Amino acid sequence: MSNASVIVSSRTAEQNAAVVTEFFDRYRAHDVDGMVDLCTINADFSYPPFEVWGKQRVLRGDGKVGTVGKPIWTGLINAFPNLSNVVHSVDANDEGDVVVQVDIGGTQQQPWGLVLPAGKTFSEPHIFIFRLNSDGLIESVTGYWNNAGISQQLGHMEVD
Amino acid sequence: MNSRSPQKVVSDFLDDFAVRDIDGALGNTAEDINVSVYGLGRHDTGRGTMRTVLADIVEAFPDLIVTVKRIITAGNVVTTVINVQGTQAAPYAGAINQEKHVDLDEVWRFVVAEDRITQIDAYWCQQQLYRRLGVKRFDQIAIV
């Protein structure tokens, strides 16, 4: 029996941070396909604050990057054509975890969820938690923020 | 010198918060801690600020359950994903008490230096919280 050697690529915190920094650079450039390219084909996606309550069901921001994340990012950019972000901190470790504090904002031109466009601008602090695999690809994206702040800045005063 | 790891300092803080021991939790923080609680729009400095944030939660949700779902350590920065559950028993953030149950995922990011938490950034969605508390409008929080 031969001893097969297992090759494990070890990535540094700096390398992991660089991938996520590139992710937000591409988000700022509205390059959604480029964002998805930084993720594994089956990357997990979770936006816990994303809840759209209808009469019979609730749409939640949970699933995969390819099927839930990409439509949300694309929809946001369509609704806020000048959508941008300002990264404030990137904290990474050698195990593939990266945490980012970032302000995301833009001026609404199209409906977003239940919020109708009134030409108003929002900017809201977010925190993202990424998990990268040993190849430097993002295998999970999780984002948290305060939707009440966004709704009120956009002039939408109804909780639902 | 007896020094704890940043993760241990944060775990001790959350353990104390989970059993509603506010003095114990604050014992893990620096006197001049920077506090940002985005859902409440609160940004201030000092242990007194953190005491108010914790005390308001404990008072409004006396059966509070805090579950740590994930801890990520990167140097002296510790990020925790926590789940907070409780049944409202007093007004909170302008919302009157309707005895509603809250179940909310949150992220609290801590910066630790010299065995003390020097910064807390707490992220939760106030819209989710208000939805669970039965609030209908942001400009009429006390009206249900």
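The side chains of A:Asp160 and B:Arg131 meet in a salt bridge, 2.6 Å from N to O (a side-chain nitrogen of Lys or Arg within 4 Å of a carboxyl oxygen of Asp or Glu). A:Asp160 lies in the segment after H4 of chain A and B:Arg131 in helix H4 (residues 126-133) of chain B, so the pair joins two chains. Helices (H or I, at least four residues) and strands (E, at least two) are DSSP runs, numbered from the N terminus.

This is a predicted model: local features need pLDDT of at least 70, side-chain atom pairs count only at pLDDT 80 or more, and totals for chains, interfaces and linings use all residues. Residues are numbered from 1 along each chain as its sequence is written, chains are lettered from A and ligands numbered from 1 in the order written, and side-chain values use heavy atoms, without hydrogens and water.

- Between chain A and chain B the count is 6 salt bridges.
- Over all chains, the whole structure has 22 salt bridges.

**The interface**

- In contact (heavy atoms within 4.5 Å) are 29 residues of chain A and 28 residues of chain B.
- The area buried between the chains is about 2,500 Å², and carbon and sulfur atoms give 58% of it.
- Buried area is the accessible area (1.4 Å probe) that two parts lose on being put together, summed over both.
- A:Tyr144, A:Met157 and A:Val159 supply 25% of the area that chain A buries against chain B, more than any other three residues.

**The sheet of chain B**

- An open sheet of 6 strands runs in the order S2-S1-S6-S5-S4-S3, with mixed pairing (two strands pair if DSSP finds at least two bridges between them).
- Strands S2 (42-45) and S3 (65-74) of chain B stand at the edges, each with a single partner strand, so one side of each has no neighbour in the sheet.
- Neighbouring strands of this sheet are turned by 20° against each other on average, direction ignored.
- Axes are lines fitted to C-alpha atoms, for helices over the stretch in contact, and angles run from 0 to 180 degrees between N-to-C directions.
- S3(B) and strand S4 (residues 77-87) of chain B pair in the antiparallel sense over 9 bridges.
- Across from B:Ile72 stands B:Thr79 in S4(B).
- Helix H3 (residues 47-60) of chain B packs on the sheet, and its direction makes about 60° with that of S1(B).
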